[in-house]
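Q: Can we go through this model together? I'd like to start with the strands.

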Amino acid sequence: MSEVRAVWGEPAHSTSGPLPVSCDDVVIGAGVTGLVTALTLARAGRDVCVLEARRAGAGATGRSTAKFSLLQGTRLQQVVQRQSVAIGRSYVAANRAGLEWLRAFCEDQGIVVQERVAATYARSADEVGSVRTEHQTALELGLDVAWHDGPLDGLPSHGATTLAGQLQADPVHLVQKLVAAVRSAGGRVVEGARVRRLSPDAATVHLEGGRSVRADSVVVATGTPVMDRGLHVTQVKPMRSYTVAYRWDGRLEHMALSAGSDGRSVRDAVDRDGNQLLLVGGAGHVVGRTRDESAHLDRLRDWTRQHFADAVEVAAWSAQDYEPTHGVPLVGRMPLTRGRVRVATGFAKWGFTNGTAAALAIASDIVGDEPLHLPGHYLGATPAPASWARNNATVGLRQVRDVAQVALPGAGDVGVTDAARGCGICPHMGGVLHWNTAERSWDCPLHGSRFAPDGSVLEGPATRPAKVPSAPETTWPAETGTQKGSPMQQNEQSTPHDASGGQVSEPEANPVPPGQDPSTTPGVDDTPQTAPDQEH
């Protein structure tokens, strides 16, 4: 029977000090990006305070598979195709800086890491071309990759590009050490501090319950910016992906990721009791745009039975991250904030190296040092108008279609649940909420906000509760144990995502009118699968 938590264990509440009236820097979000930013600022002598809505590391950081790698599925060819070789080299350099910072921090703090060979492999013959392209792109960008023929740790493979010397770790242990290091350097980490909005002059952060903090600078390090004067939600796509953990008496030489549209991520691990584990991830989809989330987990289970027949399932969970429309993360100063607010998002499930690189660059910008050379600070990278337009046209079409279904429930099945017709509406931009069968949550198919059965916020960009109908009765698949309530949902209520902040009160707008997208067939999973690059 599966446990109702990520295999790393629950991020524990740490003792929070009092909320300051003012400080030099406020960092919103206590995932790896926020904590590395805060630690770097604190070590530079800044008075820094991290605000976390729930628990440090309770979001994507603590729910990932924690692979620190420069070889990232087919990400490199996507960066070059959407940008340029020069931007690709800068992307690799930034990720290398992030990887080496993490390697040094883990060694200094006694965090156990395992060195593995990263691999992007072809599960079928039609994936070989993509893997070959990634191999050649990696060589062009300066990575010492090697080509591998034949099976990969017993997995059928039609060829793989590999990179030695990459790392995997326990993300919760890393978060615990980062929190301790921030406090040891004189910084504060305050949990249970949900940000609601930013003052017009961007100098005061207002929290739930009427509290506030003034700061010279603010860093928004949540999954998607919860204070979004730059309309970043129009430049990223919210993705949900899944991981199933198994007790398995074996060891893998590779941490592997397949190149196809329905990717599979595989790594080994050791739990806190010393048991050897196998982690299988993938089956990603756009948040709120699938008929049945539990079917995605079943695809992982079926695949694992075929290739690791003796593995015994012990846990299953999910995580959320954001795919940038132009291929590289969005990192830099937020518009309309007088230069006081920096933001980092769009890591496409490779947040440990990308997020750490972003943190170092943001901290350098704040203290006035020479900033780490990111690709045009990422925000300066070339826009990808076709991808941006397609993403926002899909959002617009979905909004029109779902609202019409609520108003005219007899117009036909478009995949909106009966309960949503009742009607659950996202407070962010009015999206009709989708009932998540696997996690018992209300998910917004527009920009990825998620809500518990009672309407409380699990994931931004929404910062206020949603008005929702009574949750449908859902029977969790027998393989995961409980009935009438998903263990994944129960886990998430106790360890929700670290999208800790709030949203500015000024209105937002989607500038793209509704359009037609052939990938959004009504009532089915309309994800243009980017899952092969998922780290989870």
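Predicted model: local features only at pLDDT ≥ 70, side-chain atom pairs only at ≥ 80, totals over all residues.

Q: How many bridges pair strand β4 with β6, and in which sense do they run?
A: β4 (residues 113–121) pairs with β6 over eight bridges, in the antiparallel sense. Strands here are DSSP runs of E, at least two residues long, and helices are runs of H or I, at least four long, both numbered from the N terminus. Two strands pair if DSSP finds at least two bridges between them. In this pairing, T120 stands opposite T161 of β6.

Q: Which residue is the bridge partner of A146 in β6?
A: That's T162. A146 belongs to β5 (residues 146–148), which pairs with β6 over three bridges, again antiparallel. Strand β3 (residues 67–68) is joined to β6 by two bridges, also antiparallel, and K67 there stands opposite Q168.

Q: Is β6 mostly covered or mostly open?
A: Mostly covered: nine of the 10 residues in β6 (residues 160–169) are buried. Buried means under 20% relative accessible area, exposed is over 50%, and partly exposed is in between (1.4 Å probe, protein chains only).

Q: New topic: which residues touch the most other members of the largest nonpolar core?
A: L35, F68, W101, F105, L143, L174 and L178, out of 57 residues in that core. A nonpolar core is a set of buried Ala, Val, Leu, Ile, Met, Phe, Trp, Tyr and Cys residues joined through side-chain atoms within 4.5 Å. Helix α3 (85–109) gives the most, with eight residues.

Q: And what does L178 touch?
A: Leaving aside neighbours within four places in sequence, L178 contacts V32, L35, V36, L39, W101 and F105.

Q: Last one: where is Q77, and is it buried or exposed?
A: Q77 sits in helix α2 (residues 75–82) and is buried, with a relative accessible area of 9%. The Q77 side chain makes a polar contact with the E134 side chain at 2.9 Å. A polar contact is a pair of N or O atoms within 3.5 Å; within protein, one must be able to donate a hydrogen and the other to accept it, and residues adjacent in sequence count only if both atoms are side-chain atoms.

Definitions and conventions: Residues numbered from 1 in each chain as written. Heavy atoms only, no water. Contact = heavy atoms within 4.5 Å.
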